[in-house]
Amino acid sequence: MTRPTIRDLADAAGVSIATANRVIGGSGNVKQSTMLRVKEAAQEIGFYGMGTIDSRIAAARARYRFGFLLHQPSRQFYLNLAQALRTAAERTSDSVIELRIEFLDDLSPQNTAAKMLELAENCDAIGVVAAVHPIVSQTVETLQRQGTPVFALISQIAPTGQVHFIGLDGWKVGRTAAWMFEHVCDRPGKLGVLMGNPRYRCQEMNESGFRSYFREYASDFTILEPRSTFESKAVAEEMTEDLLREHPDLQGLYVAGGGISGALSALRSTGSAGKVMLVGYELMDITKQALLDGAMTFVISHPLNRVAEEALSGMVRSVKAKGSDGVYTSVLPFEIYTRENI
């Protein structure tokens, strides 16, 4: 058999001979999609220059460096989010994305702002999980003026929506959690609420949506005042123990933010696991086990792969547009888990 020629390659790819030559020779601009079509055609016909085509495609791919500030590395949710980001970056075919991911133990607005500025020095765009605070807002404005897009992940950091956001609709999340309690509890009663920190916009909306549902549909339930865990397992455990001691007739507990591991520890140690209905967030090893052994009834979770994909595609788009494309917002559907579907 004769070796396939450039003309054969061009015919198989549906391009001109000149375009096929540009792909192989690396001269002139060729769309990434066209280059990939030529590559597929080369594979189909057994074209001899596959190595050269691969090299040209790799060299033509745009390169980006994106930075992410996540919460403590001791929390599995953020380790899972970091892994989802890495996987999404590896799967991106039309560009090369380098990630710089940092975890913050000190979640103060001052430290968060300082780390954002530091990360932005060497990154094209940054993503951050942070509480709403004037210091953080000022830093976001500074970076955006400098041309560095800032993306809020999981929790919005600007209530008026002027910052890119990837996450859930907290209002719907809270109302869905309330629906669960109303339909599963055998009778109306007292429901406790744990929040990590009300400055996290997502948690504030979770709690607001939760209360709004009961006001509208199930006012015979008593919703206790929320207690802050400050994203700490130890504090969440203490707050849950306090609730159980002060309200021995507690029907359920809604963990509207951080602290699910502490709440579970308290319920188990007091013999209340499975007796007090528990709804919380994120499908992780600890919540999977809690669903299986009955300590939790429902888990509401972020679709982490979608979060990662949307974050990276939004950053690429924003960097390419140089800030002229407006605010990128992606509100994703949340996932609901019971022990029957994990």
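## Contacts around Val 279

Two residues are said to be in contact, or to touch, when heavy atoms of theirs lie within 4.5 Å. In this predicted model, Val 279 touches Ala 177, Met 180, Phe 181, Leu 253, Tyr 254, Val 255, Met 296, Phe 298 and Ile 300, a list that leaves out residues up to four places away in sequence.

## Nonpolar cores

Val 279 is also one of the residues with the most contacts inside the largest nonpolar core, a group that includes Phe 181 and Tyr 254 as well as Phe 66, Phe 68, Phe 210 and Phe 214. This core has 74 residues, and helix H5 gives the most to it, with eight residues. Apart from it lies another core, of 18 residues, including Ala 120, Val 128, Val 136 and Leu 143. As a general background, nonpolar side chains in soluble globular proteins tend to be buried together.

## The largest pocket

The largest pocket holds about 560 Å³ of space, and 32 residues line it, with Arg 75, Phe 77, Gly 257, Gly 258 and Glu 282 lying nearest its centre. Among the elements that give two or more residues to this lining are helix H5 (76–91), helix H8 (170–184) and strand E10 (277–281). By type, the lining residues divide into 14 nonpolar, 14 polar and four charged.

## Asn 111 in helix H6

Helix H6, which covers residues 109–120, contains Asn 111. The side chain of Asn 111 reaches the backbone oxygen of Asp 106 at 2.8 Å, and, when residues up to four places away in sequence are not counted, Asn 111 touches Leu 104 and Asp 106.

Terms used: Residues numbered from 1 in each chain as written. Predicted model: local features only at pLDDT ≥ 70, side-chain atom pairs only at ≥ 80, totals over all residues. Heavy atoms only, no water. 1 Å grid on protein atoms, 1.4 Å probe; cavity = no way out; pocket = protein on both sides within 12 Å on 5 of 7 lines; lining within 4 Å. Points joined across faces, edges and corners; volume = space filled by probe spheres on them. Helix = DSSP H or I, 4+ residues; strand = E, 2+ residues; numbered from the N terminus. Nonpolar A, V, L, I, M, F, W, Y, C, P; charged D, E, K, R; others polar. Core = buried A, V, L, I, M, F, W, Y, C linked by side-chain atoms within 4.5 Å. Buried < 20%, exposed > 50% of the residue type's maximum accessible area, 1.4 Å probe, protein only. Polar contact = N/O pair within 3.5 Å; in protein donor to acceptor, adjacent residues only side chain to side chain.
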